[in-house]
Amino acid sequence: MGVEGIGARVVRKEDRRFITGQGRYVDDVKMVGMSYAHFIRSPHAHAKVKGINSAEAMKMPGVIAVLTGQQIVDDKVGNLICGWAITSKDGSPMKMGAWPAMAPETVRFVGQAVAVVIAETKNQAKDAAEAVVVDYEELPAAADIKTAIKPGAPQLHPEAPGNIVYDWHLGDEAAVKDAFSKAANVVTLELTNNRLVPNAMEPRAAVAHYDQAEEHYTLYTTSQNPHVARLVLSAFYNIAPEHKLRVIAPDVGGGFGSKIYIYPEEMVALWASKKVGRPVKWTGDRSEAFLTDAHGRDHVSKAEMAFDKDNKILGLRVKTHANFGAYMSLFSSAVPTYLYATLLSGQYVIPAIYAEVIGVYTNTTPVDAYRGAGRPEASYLIERMMETAARQLKVDPAELRKKNFITAFPYQTPVIMAYDIGDFHASIDAAMKAIDYAGFPARKAKAKADGKLRGIGVSCYIEACGIAPSKAVGSLGAGVGLWESAEIRVNPVGTIEVLTGSHSHGQGHETTFCQIIAERLGVPISQVSIVHGDTDKVQFGMGTYGSRSLAVGGTAIVKAMEKVEAKAKKIAAHALEASESDIVIENGEFKVTGTDKSIALPMVALAAYTAHNLPDGMEPGLKETAFYDPTNFTFPAGAYICELEVDPGTGKTSFVNFVAADDFGRLINPMIVEGQVHGGLAQGIGQALLEGAVYDNTGQLVTASFMDYTMPRADDLPSFQLSHTTTLCPGNPLGVKGCGEAGAIGASAAVINAITDAIGNNKLEMPATPDRVWHAIHG
Amino acid sequence: MYETNYHRASSIDDAVAQFAKGTDSKFLSGGQTLLPVMKQRLAAPSDVIDVAKIKDMIGIDVSGDTVTIKAATTHYDVAQSDAVQKAIPALANLASMIGDPAVRHRGTIGGSLANNDPAADYPAAVLALGAVVKTNKRSIAAEDFFKGLFSTALEDGEIITQVSFPVPAKAGYAKFPNPASRFALTGVFVAKTKSGDVRVVATGASQSGVMRVAPIEQALKANWAASALDAVTIPASGLLADIHGSADYRANLVKVMGQRAVTAAG
Ligand SMILES: Cc1cc2nc3c(=O)[nH]c(=O)nc-3n(C[C@H](O)[C@H](O)[C@H](O)COP(=O)(O)OP(=O)(O)OC[C@H]3O[C@@H](n4cnc5c(N)ncnc54)[C@H](O)[C@@H]3O)c2cc1C
């Protein structure tokens, strides 16, 4: 490893720009003649739109247009799509209601747009919006799963009777039945996985420009995947054909999944920019983010696990209701199915698994993938189950896990996934050592003497990243392929540009990806730049989510680099009059092994571009592209252990220690990995203790600002003790697995297991607020 | 935010005069409450009169048995003041727990009292210590100042100029912050005056704003010790209930925070 190569703790290149306020975000984009959009949003969770009167608003200063849902329908802008088709148990396709970008007839959640005002300034647009009169006829709302599935409940979409989108299943029902019939013990558990609001630091924004001369659109948008946005806007929303639409996602301030989707606002901005003949900017505020960014999680589950007399697991049965909100967001259908039920085997040998998932419409904000997407829900369920089982079976929770760990790889689970590699004993042993698990009973006794209830909780998670291969996901209903592309341009003087379809919105790609180049070619990272986020520059890309950027995007870079190296070696061999097979690359030099003859990369590059002396028949230039489609998911795994104290007087939880032992395969930049784990743990702990989107029974979002929605703050969190155990991923040449979501996937169960251990009551839902914990202690 | 006219007042008299000129004027002090509300278009004052730079409204004075804090003094300055820390450490401690550093460097005692948020911290100290709120027109005893949620005895255009706190024999404040807003989910201020009177006030708990807690006052009068509250029960009726705390939980907090405040007071 060089000072900047693989494994080096290189300081992030992009941070100077961000920390000094020089990042360029969508809202920083200014265009000549730019106008501003402000959306008129429904205050009701469910209502008919009987009329929109904009006569007064049109007379107000600076107003350019008031555009309505009916106009967008009349102009044949497509309805929003859901890109993953799920088939119900009975073979029927999922049942989806239409989602127009602005509602022409019916609104189905608070915050849904019905019209937009375009004006010279943002304030003028807001003033005029207040003068637009929308006539609503309120309808009864179904604001939660329980209400929505009751007979006689308010119906959201005629296409989905009973508000059921699908009733899907996975696994072998008969085998599970058989397993339970042989069980010595059965453990049951009911739990809720609370709904979360993503809250990226940068709210969503869009700047759209229509160039009449070229009949060409440009969209700046807060996206995790600008090419996917272009594809969808072009192929499904009829905005413009792909070659007439450029999508740019510049610096983006966090996404966590919420910026994967193509939202109504950017569709409307594009459509409106042509209609009014002016560039249109929309920047959401925090209230709009709370109401309209796709939320995460929101499951209600019942699980049963069967054990034999030796406490070995025989089977698992799970029934989950998943809340989709009012409309099916872009990847929502896949989250509680193929990203959830497929991970229900956890780290354990479970011979038989059967999962049923019922997707439900409610009059709430649409729900989609959020950091972890399905895997946190699976991991939380399994790890709460293991802890509950250990308590019921009166065995040590760590021992029960160890007894059931998968130890031989590859391992085919009964729920599609085939784990390629892992060492679960290594992770749990490292975590137990780090937290001094053996010394816990003495610490608990001492805390008790001080009037505190101390608890310890384990969580052994496994997840699946870099969702792939394309052929397999296609067979499961995905509407896209899940490969990645990269292009490497070695410039004539030897500097390098890496064009990647991955997109960084906080992950540090501008550093990590450079380190891969530095490792291979010996070039300082200052000589390498990463180009991403612009459909005019980058060939194509599937974007960044599901911790896929390094395992898939990074591998595409390696594949492109291999092609560059192969050509460069030919040029070097020609220049040095040596055989190509004798050329090795060391510290930026192409050397003839065993001699002192060498030629530096810039000279090779120059030779490629001057083309004065290239091998016969070789094309000039040094630039290569690769498309890489993985053969399997990658499977990061690890063990988290949390030790905490509960104040019985107030129910307040205080952390004593939180240890993490993760296996992410090879680490390219351990510092960036630690940052990713810290952030993930903060979100996982946030879900367990603090965060929860709450609707009242009329469908109003009660937690619609930071005054009521508890975002984790630094002083809510412990100082994390991180460590790594490593099994290299056999599926890609870097041996990497992905680290972006692990913390959010594994942390919640560790926290709740620790609190329930401390208070001696297993019945506790997330977020475990002081009020809830106090009631769980005192009844 | 709607358009508004901004005036920086040079003196208390100037502030009052400017206020009278506007059709719907508002004083602006630290702006930590008023500005967010204006930004959300929930308030639309025609004129905003900034009092935060008026020299006569900034500063802390301790003389004899009285701590006087001028209305535009920031929470940070109160928390950091050696004089307050010495005379009424519980008051400095309370100020140090308000919001976050940004809020404490801007927010002021006058703004906090005029706003009388049912979950604000200062009202607990003002009522428990029996402070006097002085305005450009009169002096108002704490008992007469707070009038339920977000309402006070202040008349339109009346400006708080300072608050005078009698130095107690003992005082302590214990706050259980709302996990999201960090205002008081429940905070309890206990004070024993130099004449031996005991006054206990809870904030964040009651549906009618800051309130004295008679059962705790009685118990502490008999025995100034945390354990004296062991047998006290606080009724949940009339207490606030929301997603962060049910009424019975708040009732428990009144007692537990009361005990902790007594322990802090010593
Ligand atoms: C994130 C955040 C967290 C907070 N946390 C807490 C907390 O934990 N505890 C807590 O107690 N408070 C908290 N606050 C509120 C904070 O203490 C405010 O500073 C306070 O409520 C208002 O004071 P201000 O000086 O900012 O007043 P402003 O916002 O300027 O004014 C508030 C109101 O008082 C009026 N006013 C101001 N000065 C005077 C005066 N001298 N005479 C008459 N009327 C006047 C104004 O017209 C306005 O109506 C928090 C605020 C924020 C934004």
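Visitor: Which strands of chain A do the buried residues of α6(A) pack against?

Guide: This is a predicted model, in which local features need pLDDT of at least 70 and side-chain atom pairs count only at pLDDT 80 or more, while totals for chains, interfaces and linings use all residues. Residues are numbered from 1 along each chain as its sequence is written, chains are lettered from A and ligands numbered from 1 in the order in which they are written, and side-chain values use heavy atoms, with hydrogens and water left out.

The buried residues of α6(A) pack against β8 (185–193), β13 (299–307), β14 (313–325) and β15 (352–361) of chain A, where contact means heavy atoms within 4.5 Å. Helices (H or I, at least four residues) and strands (E, at least two) are DSSP runs, numbered from the N terminus. Helix α6 of chain A covers residues 173–181, and its buried residues are Val176(A), Ala179(A) and Phe180(A). Viewed down the axis of α6(A), these buried residues fall within an arc of 95°, so they line one face of the helix; the arc is that of the directions from the helix axis to the C-beta atoms. Turned away from that buried side is a face with the exposed residues Ala174(A), Lys177(A) and Ser181(A). Buried means under 20% relative accessible area and exposed over 50%, with partly exposed in between (1.4 Å probe, protein chains only).

Ala174(A) also takes part at the start of α6(A), where its backbone nitrogen has a side-chain oxygen of Asp172(A) within 3.2 Å.

Notes: A polar contact is a pair of N or O atoms within 3.5 Å; within protein, one must be able to donate a hydrogen and the other to accept it, and residues adjacent in sequence count only if both atoms are side-chain atoms.
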